[in-house]
Each structure stands twice: as structure tokens, then as C-alpha cells.
Amino acid sequence: MRAAAPDPPADPDALLTAEDVGELLQLSPRTLKDQAAAGVLPHHRFGKHYRFTRGDVA
């Protein structure tokens, strides 16, 4: 049996979805989108899609 390859380091510039950030912060994606729309949480918007960087989340 071969050992699993380690995960590559996370790209600090990668864009995360609300679902990804929700898992990290243990919040619902809807809550994150509401906070982003209210200007509480920094984000990037592409049409109707919200994206977050790791820096935004930190």
C-alpha cells in the first residue's frame, strides 16, 4: 500500500467560496454573504458570486 501524498501548501492568493470559509470559521455561507454585503467582511464579488482570500478571512 502506498502512502498518500501530502497536500500541497495552500495558495495564499487562492479565492475561497463562502462554503470554504464557512467550514473554516464554522459559520453558514448565508451568514458570510450577509456580512460581506453589509461591508463587515472584506470580499471580492464576481457577478452574484462572493469570493474571499485568506487575507480577507484573517
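## The residue after H1

Helix H1 is followed by Gln26, and the phi of this residue is positive, near 55°. The model is a predicted one. Most residues other than glycine have a negative phi. Gln26 is not a glycine, yet its phi is about 55°.

Gln26 sits in the loop that runs between helix H1 (18–25) and helix H2 (29–37). Is Gln26 buried or exposed? With a relative accessible area of 73%, Gln26 is exposed, because the cut-off for that term is over 50%.

Which residues of H1 are buried? They are Ala18, Val21 and Gly22. These residues lie on the same side of H1, because the arc they cover around the axis is only 105°. Glu23 and Leu24, on the other side of H1, are exposed.

The buried residues of H1 are covered by elements that include strand S1 (16–17), H2, strand S3 (49–52) and helix H3 (54–57).

## The sheet

Two of the elements that cover H1, S1 and S3, also belong to an open sheet of three strands. The order in this sheet is S1-S3-S2, with antiparallel pairing. S1 and strand S2 (44–46) are the edge strands, each of them pairing on one side only.

S2 and S3 run antiparallel and are joined by three bridges. Which residue stands opposite His49 of S3? That residue is Phe46.

Terms used
Residues numbered from 1 in each chain as written. Predicted model: local features only at pLDDT ≥ 70, side-chain atom pairs only at ≥ 80, totals over all residues. Heavy atoms only, no water. Helix = DSSP H or I, 4+ residues; strand = E, 2+ residues; numbered from the N terminus. Buried < 20%, exposed > 50% of the residue type's maximum accessible area, 1.4 Å probe, protein only. Arc of directions from axis to C-beta. Contact = heavy atoms within 4.5 Å. Pairing = 2+ DSSP bridges.
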